Amino acid sequence: MSQEYLGSITLLVLLILAMVGKNNSLALAVSGLIFFLLLGQMGGEMKGFSHSVLIFLNKYGLKIGVIVLMMGVLAPFALGELDVISMLNSFKTYKGFIGIIAGILVAIFGSRGGYLLDMEPTIVTSVVIGTILGIVVFKGYPVGPLIGSGIAYFMIYIAEIFLKK
């Protein structure tokens, strides 16, 4: 079986899981990828266009997704719903302080996750499976691959400390 064929089957399985788990974001993402795969089957110029889009998504999709996610998070500032005063007030309560610490940890995990994905691309499969399970089984959000890789980075680091003894 060719890798392309196995990839298509995997996408169909993911689409079924997304529909069973009622996760519209995952279903839409997988459907988009299936659309470009089918478009590529048409041949001619569409095949080249489809392949180029898939390569572009593979290379820049995560970065673009993070940018769009940040825009969504920062939109309340642009709408005037939040301002500098509300940011400063977040330091005054323990919940706000915990939120700041969580944000710092997420940024650190994300940076280490990007590093791990660059150094060991094969980890993507494990993280994607874990993310999909988290989405489908636990009704999570699909923001996990980068943070999941960061958490995996730290877990691997800790495991290697104990395994070296």
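Which residues of H5 are buried? In this helix, Gly96, Gly110, Gly113, Leu116 and Leu117 are buried, where buried means under 20% relative accessible area, exposed means over 50%, and partly exposed lies in between (1.4 Å probe, protein chains only). The model is predicted, so local features need pLDDT of at least 70 and side-chain atom pairs count only at pLDDT 80 or more, while totals for chains, interfaces and linings use all residues. Residues are numbered from 1 along each chain as its sequence is written, and side-chain values use heavy atoms, with hydrogens and water left out.

Helix H5 covers residues 94–119; helices here are DSSP runs (H or I, at least four residues), numbered from the N terminus. Its 26 residues reach 37 Å from the first C-alpha to the last, close to the 38 Å expected at 1.5 Å a residue, the expected span being 1.5 Å times one less than the number of residues. Leucine 146 belongs to helix H7 and counts as buried, at 18% relative accessibility.

H5 also gives the most to the lining of the second largest pocket, with 3 residues. The lining consists of Met87, Ser90, Phe91, Lys95, Gly96 and Ile100, and the volume is about 150 Å³. A pocket is an open set of points on a 1 Å grid over the protein atoms alone, where a 1.4 Å probe fits, with protein on both sides within 12 Å along at least five of seven lines; lining residues have an atom within 4 Å of a point. The volume is the space filled by probe spheres set on the points.

Phenylalanine 77 is found in H3 and is partly exposed, with a relative accessible area of 31%.

Turning to H6, this helix has 16 residues and reaches 21 Å between its first and last C-alpha, close to the expected 22 Å. Its buried residues are Ile123, Val127, Thr131, Ile132, Ile135 and Val136. H6 is followed by lysine 139, in the loop between H6 (123–138) and H7 (144–163). Lysine 139 has a phi near 60°, a positive value in a residue other than glycine, and is exposed, with a relative accessible area of 55%.

Notes
Helix = DSSP H or I, 4+ residues; strand = E, 2+ residues; numbered from the N terminus.
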